[in-house]
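Colleague: I'm new to this one. Could you walk me through it?

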Amino acid sequence: MSELASKFGLEPLEPRQLLAAPAHVTSSFADNRGEVQITFNLALDPATVNTRSVFVNLPGADQLFGTADDQKITGRVKLTAGGRRVWYRPADKVPFAAGSSYSIKLNSKRIRDVNGNAIDGEFNGAGAVSGNGVVGGDY
């Protein structure tokens, strides 16, 4: 605290990091081989982007996503583009039949940006930036 601030009994301001907006998705690309690239506006913490925070699934027997019978597609996850792009590639060359639907999930409880904030991940539709301005929300 500066001399002037202590003379007048002023408290220091909060660090800027607390006022920083969380990272959100600016674009995503998925192809028919199961490769996925999701780009953020801020760099992500590389320690938080891994196979425990990025999931690609096929629907199970009920043909619905997000149920207990979903089939996880194993693959490789890494960060590219200066830590701003999550890149996923399946372990098998083409892990599903042509024309199959698959889901991608980024877990906001695990993935953090370089400022330590959880991602702002609510999906807002194709071509729209993710999030609602509040940390949290899986993409």
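This is a predicted model: local features need pLDDT of at least 70, side-chain atom pairs count only at pLDDT 80 or more; totals for chains, interfaces and linings use all residues.

Colleague: How does arginine 112 count: buried, partly exposed or exposed?

Modeller: Partly exposed, since its relative accessibility is 31% and that class covers the range between 20% and 50%.

Colleague: Let's zoom out. How many helices and strands are there in the protein chain?

Modeller: The protein chain has 1 helix and 7 strands. Reading from the N terminus, the order is α-β-β-β-β-β-β-β.

Colleague: And what share of the residues is buried?

Modeller: 34% of the 139 residues in the protein chain. The chain exposes about 8600 Å², and 53% of that comes from carbon and sulfur atoms.

Colleague: Switching to pockets. How much space lies in the largest one?

Modeller: About 210 Å³. Its lining is made of 15 residues, and Ser28, Phe29, Ile104, Phe123 and Tyr139 are the ones nearest the centre.

Colleague: Which elements give two or more residues to that lining?

Modeller: β1 (25–30) and β2 (36–40). β1 gives the most, with 6 residues.

Colleague: You named some aromatics there. How many aromatic pairs does a search of the whole structure find?

Modeller: It finds 2 aromatic pairs. One of them is phenylalanine 123 with tyrosine 139: the ring centres are 5.7 Å apart and the planes are at 70 degrees, so this pair is edge-to-face. Both residues lie in the segment after β7 (103–106), so the pair ties together parts that are 16 residues apart in sequence.

Colleague: Is phenylalanine 123 buried or exposed? And tyrosine 139, buried or exposed?

Modeller: Phenylalanine 123 counts as exposed because its relative accessibility is 53%, with the cut-off for exposed being over 50%. Tyrosine 139, at 14%, counts as buried.

Colleague: Which residue lies over the face of tryptophan 87?

Modeller: Lysine 78 does, at 4.6 Å from the ring centre.

Colleague: Last topic, backbone angles. What is the phi of glutamine 63?

Modeller: Glutamine 63 has a positive phi of about 60 degrees, although it is not a glycine. Most residues other than glycine have a negative phi. Glutamine 63 is in the loop between β3 (54–58) and β4 (71–72), and it counts as exposed at 57% relative accessibility.

Colleague: Alanine 81 next: what is its phi?

Modeller: Positive, about 55 degrees, and alanine 81 isn't a glycine either. You'll find alanine 81 in the loop between β5 (75–80) and β6 (85–90). Its relative accessible area is 38%, so alanine 81 is partly exposed.

Terms used:
Residues are numbered from 1 along each chain as its sequence is written. Side-chain values use heavy atoms; hydrogens and water are left out. Rings of Phe, Tyr and Trp (its six-membered ring) pair if their centres lie within 6.5 Å; planes under 30 degrees apart count as stacked, over 60 as edge-to-face and the rest as tilted. Helices (H or I, at least four residues) and strands (E, at least two) are DSSP runs, numbered from the N terminus. Buried means under 20% relative accessible area, exposed over 50%, partly exposed in between (1.4 Å probe, protein chains only). A charge sits over a ring if NZ of Lys or CZ of Arg is within 6 Å of the ring centre and within 35 degrees of the ring normal. Accessible areas come from the Shrake-Rupley method with a 1.4 Å probe; for residues, only the protein chains shown count as cover. On a 1 Å grid over the protein atoms alone, a cavity is a set of points where a 1.4 Å probe fits but cannot get out, and a pocket is an open set with protein on both sides within 12 Å along at least five of seven lines; lining residues have an atom within 4 Å of a point. Grid points are joined across faces, edges and corners, and a volume is the space filled by probe spheres set on the points.
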